[in-house]
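Subject: Structure handover

Hello,

Here is the structure I promised to pass on. Please open it beside this email.

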Amino acid sequence: MKLPEIDLYLIAPEIIIAAFGFLVLLVDVFAPKGEKKGYLGVLSLIGVVIAFFYTLPLVGSGKTGFEGMFTSDGFAIFFKITILIIAFLTVLISMGYATREGIGFGEYYALILFATLGMMLMAAGTHLIVIFLGLETMSISIYILAGMLREDRKSVESAFKYFLLGAFATGFLLYGIAFLYGATGTLYLKDIASYIASKKLLDNPMLLMSLAFLTIGFGFKIASVPFHMWTPDVYEGAPTSITAFMATGVKAAGFSALIRVFFTALPEFRPDWTSIVWLIAVATMTVGNIIAISQNNIKRMLAYSSIAHAGYILVAFVAGNKSGTSGILFYLMAYAFMNLGAFTCVILLGKKGEENLLVTDYAGVGFKYPLLAASMTVFLLSMAGIPPLGGFMAKLYIFSAAVEAKFYWLTILGVLNSAISVYYYLRVTVLMYFRESEREITGLQFSPAPVIALILALIGTFYMGIFPANVLSFAQKSIAGLM
Amino acid sequence: MDILGIPILSFLIFFPLAGAIILLFIKKEETIRWTTLAIALVEFVASLPLFFKFDSATAAMQFLEDWWWVEAYGISYKIGIDGISLLLVLLATFLTVLCVLCSWTAITFRVKEYMISFLFLETGMIGALVALDLILFYVFWEVMLIPMYLLIGVWGNPQRRIYAAIKFFLFTMAGSVLMLVAILVLYFINLKATGRSTFDVLELYKLGIPMGTQHWLFGAFALAFAIKVPMFPFHTWLPDAHTEAPTAGSVILAGVLLKMGTYGFIRFAIPLFPNAALDLMPLISILALIGIIYGALVSMMQPDLKRLVAFSSVSHLGYVMLGMFALNTQGVQGSIYQMLNHGISTGSLFLIVGMIYERRHTRMISDFGGISKVMPVFAVFFMIVTLSSIGLPGTNGFVGEFLILLGAFQANIVYGVLAAAGVILGAAYMLWMFQRVMFGKITHPKNEGLKDLNAREVITLIPMVALIFLMGIYPKLFFNKMDASVEKFLKDFRGKVEMKADLPAPKAVAEVKK
């Protein structure tokens with residue numbers, strides 16, 4: 001029997017992230033008690049940066065390893081870079097936030113790293129079990145992270161809700177995988193596709209069931225309507241830094257797995273899922289945007305807005321062409337910058353005990369903290385798709401892909417939704433700039449780490465809006481192996 | 001032509017932005033005012049060479065700059081001006097100076113943020129006027145929204161400013177996102193026909209688009225522009241925005257921002273989709289006529305001076321649209337001329353209303369009466385501007401309106417008759433308003449002690465009045481600049497209409513970009 005070839009270099013970034021996760025745990029145990037543990041965050045940052053530099057040489061290598069279960073194609077690498085950027089910014093904002101809320105102990109950072117590991121596996125898996133492993137590693141870490149504020153009822157509720165519903169959704173996903181295996185006898189994505197193509201299994205009820213279950217399972221992770229019910233409660237209750245991590249990282253990883261599985265394993269079923277996802281996309285955009293209008297809690301508002309953004313991305317998924325897929329990659333990266341940026345502003349404007357989270361609390365902030373308010377405005381306008389910011393370019397690519405694929409009505413519904421979204425993003429700026437504060441926000445503490453995160457997010461948002469060419473051509477090259 | 005090594009148009013776009021960044025570091029309010037004035041003046045002076053170096057003999061784009069922005073998608077940074085945009089660019093730089101002047105004492109708080117917004121707005125305006133790439137145009141078009149939104153929302157009237165600001169933003173946004181879809185559809189039609197990905201509007205002009213598609217695309221563009229103009233029935237945001245905005249905001253809104261709509265028609269919607277434009281000509285002309293009459297009638301009944309001027313804008317812009325869609329030389333020339341006129345006359349009217357508002361803190365016509373006795377200098381300026389708005393021969397308004405009427409009569413005699421009737425209504429509401437405000441006895445004790453205009457205010461108004469007469473008496477100076485471009489616009493239009501435009505576009509020779 002020949003032993004499978006093991007190329008550890010291929011999974012070096014994952015190994016580093018895992019190793020640093022354990023290192024953080026160990027250092028936390030052996031460190032003297034009682035003092036502030038800022039170095040744990042620094043240690044995590046170092047891990048992420050090293051993993052990042054081990055990821056870069058893999059660009060363009062396109063290798064697969066572990067008997068074809070794991071790949072380093074451009075698609076995986078692009079997602080890994082996005083995920084590492086998200087992890088980096090999340091750790092940075094946590095260094096201010098987690099310390100303030102008293103949850104900055106080892107497990108917190110370790111779990112962020114483990115979740116990152118799971119996300120990276122999801123992006124790189126070409127075998128359903130690897131993808132599932134990644135998904136579970138990520139989800140379980142996030143379940144715990146969501147409940148970190150254990151004295152806060154909302155946080156505990158958030159974790160419990162996410163866990164129960166998440167477990168249920170995972171069940172669906174696993175069921176889908178099982179049916180897929182049952183019908184085709186393999187878990188390799190490519191083999192599934194070729195088996196279906198050769199045996200002409202398009203009417204196979206088992207496969208159709210599996211398609212439905214997979215849609216539900218992934219639909220839950222990316223928070224698409226009607227599998228979005230958990231999102232607002234979980235996002236509201238979880239620690240703000242973790243909410244930011246979920247809204248960007250979990251979503252990116254969910255989309256990477258969704259695209260990989262559907263485009264690689266189930267391309268034959270495209271006509272079937274196109275019409276379903278068309279409906280889901282429209283419902284997701286519309287429900288997200290319309291409910292966001294009536295939200296008073298900023299975290300809930302951003303939760304609904306993140307639902308809407310999943311809808312825009314699904315528009316490109318429906319388009320299903322090259323420009324759509326590269327558009328998704330571009331979008332998720334731009335979204336990471338602007339959304340993490342917005343959450344950073346929320347954190348900087350907040351106080352211990354999750355204070356100042358109502359939209360109305362922001363009244364008069366505009367002239368009191370001009371730079372912070374201006375940054376928040378930039379992020380919100382970017383999410384609304386106003387040029388020259390990253391969010392505009394991202395939407396432009398996505399909608400142009402949909403037009404290219406001749407989904408005109410979908411595009412029109414998309415842009416109209418985008419116009420609706422302007423209303424609630426503007427509402428925050430209205431409060432910040434146009435109204436006098438009723439209750440002064442005072443005593444904000446700006447620790448350096450989140451401020452750095454804010455600046456990085458600003459740079460990212462502007463860079464992707466004004467000089468999008470580099471990232472875009474990178475995204476276009478990245479999908480070469482996939483499509 | 002370069003300024004400081006930067007091509008002139010790029011300089012004009014980005015200089016105000018650079019100025020805005022400089023303002024960030026200045027603390028004293030007085031210094032901020034002077035610095036902004038200096039920046040606006042430099043910008044204006046820097047834009048003058050455009051006028052003098054402009055080659056009137058050619059209809060081609062001049063001062064052209066062409067770079068790739070996102071090469072993979074064919075988005076370029078392509079800017080240039082022809083006879084149509086030249087005068088509008090100058091109007092924008094000119095009005096900005098006056099706006100800074102008229103905000104001198106009117107803006108009492110957050111002066112820095114105000115001036116930054118204004119300079120930011122100038123960048124957006126110039127950019128949108130010179131952009132020759134559809135995406136670039138769209139970017140600047142949207143960029144203009146944010147500062148204007150802030151100007152209305154922060155420095156507007158306390159009562160309804162927020163409502164007006166949001167309404168302004170949402171109306172414009174709703175129209176423009178559909179235009180974005182149309183831009184993308186156009187891009188892919190061109191890609192399929194020529195195999196080249198480009199958003200360059202000069203390239204896209206050459207495209208022949210099937211009739212059905214043309215109607216949809218024209219509809220999307222026309223909606224975005226009609227909201228901005230604003231044409232009846234999309235005008236409802238305008239009175240609110242104008243009334244609530246600070247004086248300078250109203251001036252720039254009337255002077256330049258509304259022109260973006262009419263400019264959009266003449267630069268993009270009509271040349272790109274000529275057949276659809278021709279088919280929809282009656283509809284648009286009728287809407288324009290409704291705008292003319294309706295705007296005039298509503299103006300007549302306004303108790304609020306600023307609202308009156310705002311509704312008169314609806315009426316004036318109706319003329320602009322009517323002239324443009326006459327689609328003959330006189331009509332189009334008159335239309336462009338009237339765009340400038342409206343910027344100057346209505347801009348001045350808003351300045352004047354602002355001046356009296358600063359003194360009395362009311363804009364109700366019934367609170368005034370007999371003002372000419374206490375403010376004789378003011379009365380002279382007000383009279384000249386009122387007459388210009390009515391279109392008295394010798395003032396700029398006459399030239400524009402006359403040409404538009406000529407064009408309209410040629411296109412359809414009924415349109416001409418109705419439009420001419422609108423002129424009478426225009427005279428009626430303006431003169432009646434003037435009579436109630438300026439003549440008669442002083443009925444209100446507060447009006448007795450009003451001070452006449454100070455030197456700064458006179459300096460603000462003199463250039464306006466000078467232009468009113470210059471454009472009224474020697475219009476040739478300006479028509480010279482636009483003649484060739486207008487001729488080309490009409491020639492291309494007729495050519496494409498006759499071709500029925502169903503033929504595929506000729507394969508364009510690929511240009512090599514820097």
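Predicted model: local features only at pLDDT ≥ 70, side-chain atom pairs only at ≥ 80, totals over all residues.

Residues are numbered from 1 along each chain as its sequence is written, while chains are lettered from A and ligands numbered from 1 in the order in which they are written.

Helices and strands are DSSP runs, numbered from the N terminus (helices: H or I, at least four residues; strands: E, at least two).

Start with α14(B), residues 329-360. Its 32 residues should span 46 Å at 1.5 Å a residue, and its end C-alpha atoms are 46 Å apart, so the two agree. The expected span is 1.5 Å times one less than the number of residues. Of the 32 residues, 27 are buried. Buried means that 20 or more other C-beta atoms, placed from the backbone, lie within 10 Å of the residue's own.

Next is α18(B), residues 413-438. This helix has 26 residues and reaches 38 Å from first C-alpha to last, close to the 38 Å expected. Its buried residues include B:Y415, B:G422, B:M430 and B:F434. They pack against α12, α13, α15, α16 and α17 of chain B. B:G440 follows α18(B), with a positive phi near 85°.

**A crossing**

α12(B) and α20(B) (residues 476-499) pack at about 90°, axes 8 Å apart. Axes are lines fitted to C-alpha atoms over the stretch in contact, and angles run from 0 to 180 degrees between N-to-C directions. The pair is therefore roughly perpendicular (65 to 115 degrees).

**A hairpin**

β3(B) (residues 62-70) and β4(B) run antiparallel, joined by six bridges. Strands pair if DSSP finds at least two bridges between them. B:W68 has B:S76 as its bridge partner. Four residues lie between the strands of this hairpin, and B:G74 in the turn has a positive phi of about 70°. Five of the seven residues of β4(B) are buried, so this strand is largely enclosed by the rest of the structure.

**The side facing chain A**

How many residues of chain B are in contact with chain A? There are 25, against 26 residues of chain A. Contact means C-beta atoms, placed from the backbone, within 7 Å. α7(B) gives the most to this side of chain B, with 13 residues.

Best wishes

How values were computed. Buried ≥ 20, exposed ≤ 12 C-beta atoms within 10 Å, placed from the backbone. Contact = placed C-beta atoms within 7 Å. Parallel < 35°, antiparallel > 145°, perpendicular 65-115°, else oblique.
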